[in-house]
Amino acid sequence: MSLAALLQQWRSLPEIVAWETLPARQADTVSFPSDLHLSLIKSLQAAGIQRLYRHQAEAWELLRQGKHIVLTTGTASGKSLAYTLPVLDTLLKDPQATALYLAPTKALGRDQQAHILPLLPKQQGDTIAAYDGDTPSSRRAQVRKKARWLFTNPDMLHLGILPRHTGWERFFAHLHFVVLDEVHIYRGVFGSHVANVLRRLKRIARFYGSRPRFALTSATIGNPEELATSLIEAPVSCLSEDASERGEQTFIVCNPPLIDPELGLRAGILSTAERLVDDLLAHHLQTLVFARSRRSVELLLRRLRQQHPEMRAALRAYRSGYLPEKRREIEQALRQGSARLVSATNALELGVDIGGMDAVVMAGYPGSVASTRQQAGRAGRGLSPSLAVLITAATPFEQYLARHPEYLLQRTPEHALVNPNNPLILYHHIRCAAYELPFQPEEGFGSLPPAEVKAYLDVLEAEGVLRRGYWATA
């Protein structure tokens, strides 16, 4: 049984309305940088990495030159290693240097932390620490005292770190790097809030005498450089040429058959997904199924377990709401191959390491071209061939996609936009910033000029929130 045999079998299915083959790509590699710390070279070689992809080496050079970067190469292209090497190299060579990692989810941050730890000497393992909602209160003081690479998220930075920056003086005084992972999530209102949190972060870092370099990563979006520049308000170098290897991928659009032509009713996307998954399991292909809601995820899992009781332990579900221990156990089962199929929400769309799947099935359009490509990119293991299937629902827009698949395959991904200077958002962040540090005369706030900052401060003073001199009240 193989993917080729399955594709031959599916060629005759009438519900397959689009069939695209994306060619394989060979890796473009270079030697390790000559000044890379020796212990990192040994750790990489022990992990089976003998050379770097070209985009990883370019990221090294740019960050070492003091520039900010945004990486937009494909899924599983080694973006994490591209920023990890410069950060760890600095931490190993400068015993006081610190770094900050921000992820949109705790799961992603913990996953990245787990993959970085093996690269460090064991005696330095406690310098890499997470500080989020899952960090026990009894451990937080130790993290503040010892952490040199801190893994957290924008919410914890906003609520738990910046307002208490005096307890992090050592950390902020020697901050060399800030990593923002999966920045395509930071768009719209959420992204505008995050941009203001970053303004406050840079303000506090300057107060303690540091000016960190930023390394941002993103899935495929239409304007990565513009988004990155808007978030950090500084010029960035965009690295989008993917030098990693990639096997041939077949992308299929499946439009469920009509069951009532007069009413235009079609078979459901979950029942169609079940039929396709039956074939994938019969051909021993490890599969990830993306469903659009928690209920759909659990319903699909229950149906599949009823149909395949002998495989019950190998069929799993993954969604937000699970305890962290359970999520990590499922991620490990995927990497090891003991989980043959996982039904998941878009919680697995982000860069959590689950290895390379043989196939991805999307039960319904994910909502954007960028998300479709991100989910499809979860399939692929080295140079092995892979499969991505989109099942379209009966809604007018998804039926349009079924008739015009070029919208997905040829269209430029959507742009991600933010507006940090939105008055309603800015008002609250200036209030937070004044609590953290008093504003000085003629001080701006990010790109906001001093005159406009003063206008907001005058309003806050008139409302009794601030005292004259812009000190925050208790």
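These legends go with several close-up views of a predicted model. Residues are numbered from 1 along each chain as its sequence is written, and side-chain values use heavy atoms, with hydrogens and water left out. Because this is a predicted model, local features need pLDDT of at least 70 and side-chain atom pairs count only at pLDDT 80 or more, while totals for chains, interfaces and linings use all residues.

**View 1. An open sheet of seven strands.** Reading across, the order is S6-S7-S5-S8-S9-S4-S10, with parallel pairing. Strands (E, at least two residues) and helices (H or I, at least four) are DSSP runs, numbered from the N terminus; two strands pair if DSSP finds at least two bridges between them. Strand S6 (128-130) and strand S10 (237-239) stand at the edges with a single partner strand each, so one side of each has no neighbour in the sheet. From one strand to the next, the twist averages 15 degrees. S5 and strand S8 (residues 175-180) pair in the parallel sense over five bridges, and Leu180 in S8 is the bridge partner of Leu102.

**View 2. Helix H4 packs on the sheet.** Here H4 touches strand S4 (69-71), S5, S6, strand S7 (149-152), S8 and strand S9 (213-217). Its direction makes about 165 degrees with that of S8; axes are lines fitted to C-alpha atoms, for helices over the stretch in contact, and angles run from 0 to 180 degrees between N-to-C directions.

View 3. Rings of Phe, Tyr and Trp (its six-membered ring) pair if their centres lie within 6.5 Å; planes under 30 degrees apart are stacked, over 60 edge-to-face, and the rest tilted. By this rule there are 14 aromatic pairs.

**View 4. Trp168 and Phe171 pair edge-to-face.** Their centres are 6.0 Å apart, with 80 degrees between the planes, and both Trp168 and Phe171 are buried.

Definitions and conventions:
Buried < 20%, exposed > 50% of the residue type's maximum accessible area, 1.4 Å probe, protein only. Contact = heavy atoms within 4.5 Å.
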